[in-house]
Amino acid sequence: MPAAQLYAALIDALPDPILVVAGFEAEDLTARRYILANAAAREMLRITAEEGMLLSAVRDPVVLTTVDAALFDETDAEGAYETTGAQTRSLRVRARWLGFGHDGARLALLTFHDETEVRRVERTRVDFLANASHELRTPLASLSGFIETLRGHARDDVAARDKFLGIMQAQADRMARLIADLTSLSRIELDEHVPPRGVVDLVMVVGEVVEAASPLGAQRRVKLDWRSCAGASMTVRGERDQIVQVVQNLLDNAIKYSPDNASVRIELQSGLSDLAAAASQEGVPRLSLVAPDPSQETYAALRVTDLGPGIARQNLPRLSERFYRVDGQKSGARSGTGLGLAIVKHIMNRHRGGLVVASAEGEGSTFTAYFPMAHAPEGVVKAS
Ligand SMILES: Nc1ncnc2c1ncn2[C@@H]1O[C@H](COP(=O)(O)OP(=O)(O)OP(=O)(O)O)[C@@H](O)[C@H]1O
Ligand SMILES: [Mg+2]
């Protein structure tokens, strides 16, 4: 390939949009032209020609000012702007003075860089810190308040002191739980790309977690309906502690959101090979929060069903966001920090599993976690 052709191909193949702009007089805006636009630029600016009037390709004032600084002040310039349209994107534009063309035109190079993803990550991080501090500040403020009271007028009031110490203990526990969840979340995220190595018997793990949760169930007057497949074992690939966390969180939510005297059903099913079929259940909206790896062949499913308030369809996609809680469920016995399902999501991602929620307002919820099986059992059954 001759050098000129190679350069042309190279510029066209660059992933970031590039324009070369030519201009003569600062006052004559309509005379500014782009004289080269690579494929990425043509796609982003929705232009077909490689050459044309600049204003026909770009109208954003930030871009135009940046171009002019390079063209007429002969300096490098840059600016950030957002495109409007179906999807808002954050872009950074940089302009460099190139010199004079053979026709005496002033030339500048314009490059665009999409910063939407970087901005999104940055925003998530800022939100995360704000949320985490807020969640810690509330119990901390309460603790400080009670310490002050205990040092002041409640100093000699034995009954009040006992009551306040009880509340303080609960607040301290809440802070400890929050910190444990945050630590666990960051650890899981760190090794999310390292596949788990162990093999876990799901029947045993679920049995243990259900047993451990039964005092909480009794306290909340919720019956745990666990049909242990006695004698059966169901081995899945995974890390035991993390699978325990998944079961615990799903069960904890189901108990927390159940009305009095209702029961929570916990079921296991093995040898599922067609998750799309397993997922179709009439009438109830459902959403996959973690999509299972399509290359896996058989799954074991853990299904936790409650008769609680259910979740409105528009809130389903946000359930696994950190700190997300459905409005109106933020107080009383249903308190929580909104980290549980975020933890579950990351664990299921790491396990190349799936997580599906099916729920409708007033009709309870079913959360199903799919774990890749360690080996397919005999007579694989299709999900019904
Ligand atoms: N079984 C359920 N029924 C109704 N709503 C639910 C159920 N499970 C989760 N939700 C909703 O999803 C939100 C997020 O759940 P998640 O487990 O992440 O947080 P949490 O239970 O509020 O707090 P945490 O688990 O950190 O103690 C909950 O606040 C609740 O609004
Ligand atoms: Mg929870």
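Mentor: An axis here is a line fitted to C-alpha atoms, for a helix over the stretch in contact, and an angle runs from 0 to 180 degrees between N-to-C directions. The model is a predicted one. Its domain assignment gives domain 1 (3–114), domain 2 (115–190) and domain 3 (195–384). Between the centres of domain 1 and domain 2, taken over C-alpha atoms, there are 51 Å.

Let us begin with helix 5 (residues 116–151) and helix 6 (residues 158–190), whose axes lie 10 Å apart at an angle of about 160 degrees. Because of that angle, helix 5 is roughly antiparallel to helix 6. The crossing of helix 5 with helix 6 is left-handed. Helix 5 contributes residues including Leu136, Leu140, Leu143 and Phe146 to the contact, and helix 6 contributes residues including Phe164, Ile167, Met168 and Met175. Sorted by class, this contact of helix 5 with helix 6 holds 14 nonpolar, 3 polar and 3 charged residues.

Helix 6 also packs against helix 10, at an angle of about 20 degrees and with the axes 10 Å apart. It is therefore roughly parallel to helix 10, and the crossing of this pair is left-handed. Asp181, Ser184, Leu185, Ile188 and Glu189 of helix 6 meet Ala342, Ile343, His346, Ile347 and Arg350 of helix 10. The contact of helix 6 with helix 10 comprises 5 nonpolar, 2 polar and 3 charged residues.

Helix 10 (residues 340–350) in turn meets helix 8 (residues 240–256): their axes come within 9 Å and cross at roughly 145 degrees. This crossing, too, is left-handed. From helix 10, Gly340, Leu341, Ile343, Val344, Ile347 and Met348 take part, facing residues of helix 8 that include Gln242, Val246, Leu250 and Asn253. The contact of helix 8 with helix 10 counts 7 nonpolar, 5 polar and 1 charged residue.

A shell of 22 residues surrounds ligand 1, the closest being Arg325, Val326, Gly336, Gly340 and Leu341. Helix 8 and helix 10 each supply at least two residues of that shell. Its residues divide into 10 nonpolar, 9 polar and 3 charged.

Note on methods: Residues are numbered from 1 along each chain as its sequence is written. Chains are lettered from A and ligands numbered from 1 in the order in which they are written. This is a predicted model: local features need pLDDT of at least 70, side-chain atom pairs count only at pLDDT 80 or more; totals for chains, interfaces and linings use all residues. Domain bounds come from an automatic or database domain assignment. Helices (H or I, at least four residues) and strands (E, at least two) are DSSP runs, numbered from the N terminus. A crossing is left-handed if the near helix is turned anticlockwise from the far one by less than a right angle, and right-handed if clockwise. Two residues are in contact if their C-beta atoms, placed from the backbone, lie within 7 Å. Ala, Val, Leu, Ile, Met, Phe, Trp, Tyr, Cys and Pro count as nonpolar, Asp, Glu, Lys and Arg as charged, and the others, Gly among them, as polar. Angles under 35 degrees count as roughly parallel, over 145 as roughly antiparallel, 65 to 115 as roughly perpendicular and the rest as oblique. A residue is near a molecule or strand if its C-beta atom, placed from the backbone, lies within 6 Å of it.
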